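Here are my notes for anyone opening this one for the first time. Have the model on screen and go through the points in order.

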Amino acid sequence: MHSLGPQWLDPQYLLDHYGNTALWISALIIFSECGLFTAFLPGDSLLFTIGLFAALPHNPLGLPFWLVLVVLVAAAFLGNVVGYEIGRAIGTPLYKRDGRLIKRAYIDKTTEFFERYGNRAIVLGRFVPIVRTFITVVAGVGKMERRRFFTYSFIGALLWAVGVTVLGYFLGQISFVKSNLEIMLLLIVAVSLIPVAIEFLRHRAAARRGETADDSVSGPL
């Protein structure tokens with residue numbers, strides 16, 4: 001599974017080297033992706049694999065499945081809380097700085113997503129890579145009401161963490177999935193990028209329509 005990223009992000013590697021603590025390391029990774037602007041982390045594939053491990057007869061995670069889900073939902077929700085507070089406190093300077101990790105373009109795309117979908121963006125954004133990382137800082141910079149943000153953030157954390165992990169739990173009991181885990185994880189990453197690809201194509205189409213309109217106006221009379 002190294003094609004998904006560094007070895008230390010490989011759930012099987014974490015399980016082999018850290019045993020029962022692999023779940024807590026995975027929860028920390030989920031927390032970081034949701035709250036510390038680390039958009040490169042493979043949240044979807046990690047949740048799926050945790051669900052697959054929980055389905056094994058001996059359950060190497062060391063906790064019952066329902067408690068595994070509680071841990072993951074808590075990590076995702078608390079990550080968003082931290083990200084929101086960071087955005088509320090220092091989000092504007094981070095935006096102006098336009099650094100390597102926290103790019104202004106990422107925040108702009110997330111802002112556009114947020115403006116389009118409103119409160120639903122916090123829930124829907126969970127399922128879109130990059131957006132789920134920066135939706136928190138956008139809400140914080142915009143001083144969104146805490147109660148409203150926390151409510152929708154919890155709903156999103158519940159649907160995302162439970163949904164993807166449960167999917168891994170049940171699909172993980174199929175022999176084909178077990179035998180082709182890396183392909184399945186790559187497929188999940190590809191599916192999670194579909195919303196990004198659709199938005200990119202729509203943006204390009206809109207830009208081309210704008211260019212065509214500008215040419216018709218500026219052309220000869």
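1. Start with the pair H2 and H3: in this predicted model, their axes come within 10 Å and cross at roughly 155 degrees. An angle over 145 degrees counts as roughly antiparallel, and that makes H2 roughly antiparallel to H3. The crossing of these two helices is left-handed. On the H2 side, the contact is made by Leu23, Ser26, Ile29, Ile30 and Glu33, and on the H3 side by Gly43, Leu46, Leu47 and Ile50.

2. A word on H2 itself. H2 is mostly covered, with 10 of its 14 residues buried. Among those buried are Leu23, Ser26, Ile29, Ile30 and Glu33, the H2 residues that take part in the contact with H3.

3. Now H3, which covers residues 43-54. It has 12 residues and reaches 17 Å from first C-alpha to last, close to the 16 Å expected. How many of its residues are buried? The count is 12 of the 12, so H3 is largely enclosed by the rest of the structure. That list runs from Gly43 to Ala54 and takes in Asp44, Ser45 and Thr49 as well as Leu46, Phe48 and Phe53.

4. Pick out isoleucine 50 and look around it. Which residues does it contact, leaving aside neighbours within four places in sequence? They are Leu23, Ser26, Leu61, Val68, Leu72 and Thr165.

5. Next, the largest nonpolar core, which has 28 residues. Leu23, Ile30, Ile50, Leu61, Val68, Leu72 and Trp160 touch the most other members. H2 (22-35), H3, H4 (65-97) and H8 (146-171) each supply at least two residues of this core, and H4 gives the most, with 10 residues. Apart from it lies another core, of 12 residues, among them Ile107, Phe134, Ile135 and Phe149.

6. One more spot to check is leucine 124, in helix H6 (residues 120-124). Is leucine 124 buried, exposed or partly exposed? With a relative accessible area of 38%, leucine 124 is partly exposed, since that value falls between the 20% and 50% cut-offs. Leucine 124 and tryptophan 160 are 36 residues apart in sequence and 9.1 Å apart in space, C-alpha to C-alpha.

7. Finally, step back to the whole chain. There are 11 helices and zero strands, and buried residues make up 43% of the 221 residues. Among contacts between residues at least 6 apart in sequence, 76% join residues at least 24 apart.

Definitions and conventions
Residues numbered from 1 in each chain as written. Predicted model: local features only at pLDDT ≥ 70, side-chain atom pairs only at ≥ 80, totals over all residues. Heavy atoms only, no water. Helix = DSSP H or I, 4+ residues; strand = E, 2+ residues; numbered from the N terminus. Expected span 1.5 Å × (residues − 1). Buried < 20%, exposed > 50% of the residue type's maximum accessible area, 1.4 Å probe, protein only. Core = buried A, V, L, I, M, F, W, Y, C linked by side-chain atoms within 4.5 Å. Contact = heavy atoms within 4.5 Å. Axes fitted to C-alpha atoms, helices over the stretch in contact; angles between N-to-C directions. Parallel < 35°, antiparallel > 145°, perpendicular 65-115°, else oblique. Left-handed = near helix turned anticlockwise from the far one by under 90°.
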